[in-house]
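Here is a short report on side-chain pairing in one chain. Please keep the sequence and the coordinates at hand while reading.

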Amino acid sequence: ALFVDGFHPGSQSPEVRLFVERYRATFGQDPGVIEALAYDAARMLEQIVTEERPSTRDSMASALRSVRRFPGVTGAIDYRDGRFSRGLTVFT
């Protein structure tokens, strides 16, 4: 059987391991997919604000639309056709 999920806290990825360790230390439990998605969204916004310094809504929207292969804990994130997308993890 094959199963898919948007986040796996047992991943061996260094970024995921660091996120899970910090989350466990703070909250005493493993993060789920919602927490991982929120973390990725906050990191993406932080990167745009600190690196591109958008000064208007239009420049922020443009920066968000230009997201390509953002390295999230839920996978590489792209903006395409009006949506953010990422691959799913396949389990057997």
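## A polar contact at threonine 74

In this predicted model, the side chains of threonine 74 and arginine 86 make a polar contact at 2.7 Å. Threonine 74 lies in the loop between β2 (70-72) and β3 (75-80). Its relative accessible area is 5%, so threonine 74 counts as buried.

What does threonine 74 touch, not counting residues up to four places away in sequence? The list is Gly6, Phe7, Ala36, Leu37, Asp40, Arg86 and Gly87. Two of these residues, Asp40 and Gly87, come up again below.

## Glycine 87

Glycine 87 sits in another loop, between β4 (83-85) and β5 (89-91). With 47% relative accessibility, glycine 87 is partly exposed. Leaving aside neighbours within four places in sequence, glycine 87 contacts Thr74 and Ala76.

Glycine 87 can also be set against glycine 6. These two residues are 81 residues apart along the chain. Their C-alpha atoms are separated by 7.5 Å.

## Salt bridges

How many salt bridges does a search of the whole structure find? The search returns 3. Side chains of opposite charge can pair when their charged atoms come close.

Aspartate 40, one of the residues that threonine 74 touches, forms a salt bridge with arginine 43. The N to O distance is 3.9 Å. Both residues belong to helix α2 (residues 33-51). They are 3 residues apart there, so about one helical turn separates them. Is aspartate 40 buried or exposed? Aspartate 40 is buried, at 0% relative accessible area. Arginine 43 is partly exposed, at 23%.

## The other two pairs

Aspartate 78 and arginine 69 meet in a salt bridge, also listed at 3.9 Å from N to O. Aspartate 78 is buried, with a relative accessible area of 12%. Arginine 69 is exposed, with 60% relative accessibility.

Arginine 24 pairs with aspartate 30. The closest N and O atoms of this salt bridge are 2.4 Å apart. Arginine 24 is partly exposed, with a relative accessible area of 41%. Aspartate 30 is partly exposed too, at 38%.

Definitions and conventions:
Residues are numbered from 1 along each chain as its sequence is written. This is a predicted model: local features need pLDDT of at least 70, side-chain atom pairs count only at pLDDT 80 or more; totals for chains, interfaces and linings use all residues. Side-chain values use heavy atoms; hydrogens and water are left out. A salt bridge is a side-chain nitrogen of Lys or Arg within 4 Å of a carboxyl oxygen of Asp or Glu. Buried means under 20% relative accessible area, exposed over 50%, partly exposed in between (1.4 Å probe, protein chains only). Helices (H or I, at least four residues) and strands (E, at least two) are DSSP runs, numbered from the N terminus. A polar contact is a pair of N or O atoms within 3.5 Å; within protein, one must be able to donate a hydrogen and the other to accept it, and residues adjacent in sequence count only if both atoms are side-chain atoms. Contact means heavy atoms within 4.5 Å.
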